[in-house]
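Reader: Please walk me through this model in brisk questions and answers.

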Amino acid sequence: MEGNIAQLGQFIGAGLGAIGSGLAAIGVGNVAANYLGGALRNPSAAASQTATLFIGLAFAEALGIFSFLVALLLMFAV
Amino acid sequence: MATDVHGEEAGGLVFHPLDQFEVKSLFSDGPVNFISITNSTLWMAIAVLCVVLLFVMGTRKRAIIPTRTQSIAELFYGFIYKMVEDVTGHDGVKYFPYIFTVFLFIFFANFLGLLPLSYTPTAQIAVTAVLGFGVFIAVTIIGFVKNGASFLGLFWMSDAPLVLRPVIAIIEVISYFVRPVSHSIRLAGNLTAGHAMIKVFAGFAAIAAVAPVSVVAIAAVYGLEVLVAGIQAYVFTILTCIYLKDALHPAH
């Protein structure tokens, strides 16, 4: 067992960052689920809202990507 | 390389999953400087070449019954044109050539990056930041030129209660200046994450016990990456359109 306390902190931090990516997955699922729910209730309005769907997905996903980036920085750049 | 070292026994991966994003000079051994031709430059040039080829070949004959190449070119053109017109309105169509160029460059760079042994220029934040800040600066200038000082009305919600308006204005200003950052990191981060994930599973393929699972996983992740490459180009473009719409019609 070698390594030091700073490396321990790096690994723990990167793991915590990975939780953020998982939480973003919930958000993305939420967006898609609500879109599908709405689209099944009113199929005629669904096609006009696909752009909004992708924007919502992109915003939700971006936050997960940010936490992934923090994890990457902790692992490889610190 | 070290065939006797397996992923787990070496205490990590045999190769680094982020090695694929290293910018290397192609024709000289020295450090990368401003004029050196790197693998990033090469694949950006190939992406531009593909775009030019597709549209030169596609528009050369201009037949009434389109050939396959012409159909593909028309498909791209029609798709982005409709998107610009839908989102920004009729006066945004003037900026369609720039948006179309950005879309095609990102689209082809993403897809060429999926080729084995190729390089993904759009996975570098440096590349996407230029695209993102380019859009941000252009949109800000367009906003002030078209609307003058009333462009600042974008930050002043006139339908909110008066007490809340300064608070909302501060939040709006912050969110406005975070736009280019999230715009560029979204694209680079998505591609970095996907490509690194493929490499991580490729690292597991060295361990005999999990090799079949890992090969199937690589195929699945690769399929996902094809989807992501298209969607991220689309998302970057539609966000550009939305920012442009805010600049052209700032009134809330």
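Reader: In which helix of chain A does A:Gly64 lie?
Author: This is a predicted model: local features need pLDDT of at least 70, side-chain atom pairs count only at pLDDT 80 or more, and totals for chains, interfaces and linings use all residues. Residues are numbered from 1 along each chain as its sequence is written, while chains are lettered from A and ligands numbered from 1 in the order in which they are written. Helices (H or I, at least four residues) and strands (E, at least two) are DSSP runs, numbered from the N terminus. A:Gly64 lies in residues 50–77 of chain A, helix α3.

Reader: Is A:Gly64 buried or exposed?
Author: A residue is buried if 20 or more other C-beta atoms, placed from the backbone, lie within 10 Å of its own, exposed if 12 or fewer, and partly exposed in between. A:Gly64 has 22 C-beta neighbours inside 10 Å, so it counts as buried.

Reader: Which residues does A:Gly64 touch, not counting those up to four places away in sequence?
Author: Contact requires C-beta atoms, placed from the backbone, within 7 Å. With residues up to four places away in sequence left out, A:Gly64 touches A:Gly20, A:Ser21, A:Ala24 and A:Ala25.

Reader: How far apart in space are A:Gly64 and A:Ile26?
Author: In sequence, 38 residues separate A:Gly64 from A:Ile26. From C-alpha to C-alpha, the distance is 9.9 Å.

Reader: Is A:Ala14 partly exposed or buried?
Author: A:Ala14 sits in helix α1 (residues 5–41) of chain A. Its contacts, not counting residues up to four places away in sequence, are A:Ala71, A:Leu74 and A:Met75. There are 18 other C-beta atoms within 10 Å, so A:Ala14 is partly exposed.

Reader: What percentage of residues 12–74 of chain A is helix?
Author: An unreviewed UniProt entry annotates this span as "domain: V-ATPase proteolipid subunit C-like". UniProt positions are given in the numbering used here, feature names are shortened, and annotations may be inferred rather than shown by experiment. The end C-alpha atoms of the span are 9 Å apart.

Reader: How far apart are the end C-alpha atoms of residues 53–77 of chain A?
Author: The unreviewed UniProt entry gives "transmembrane region" for residues 12–33 and 53–77 of chain A. Residues 12–33 are 100% helix, with end C-alpha atoms 32 Å apart. Residues 53–77 are also 100% helix, and their end C-alpha atoms lie apart by 34 Å.

Reader: Of the residues of chain A that touch chain B, how many are nonpolar?
Author: The contact takes twelve residues from chain B and ten residues from chain A. Ala, Val, Leu, Ile, Met, Phe, Trp, Tyr, Cys and Pro count as nonpolar, Asp, Glu, Lys and Arg as charged, and the others, Gly among them, as polar. On the chain A side, no residue is polar, none is charged, and the nonpolar count is ten.

Reader: How many helices are there in chain B?
Author: Along its principal axes, the C-alpha trace of chain B spans about 70 × 55 × 40 Å. Of its 252 residues, 27% count as buried. Chain B has zero strands, and its helices number six.

Reader: Is B:Leu117 exposed or buried?
Author: B:Leu117 is in the loop between α3 and α4 of chain B. It has a positive phi of about 70 degrees although it is not a glycine. With 5 other C-beta atoms within 10 Å, B:Leu117 is exposed.

Methods. Contact = placed C-beta atoms within 7 Å.
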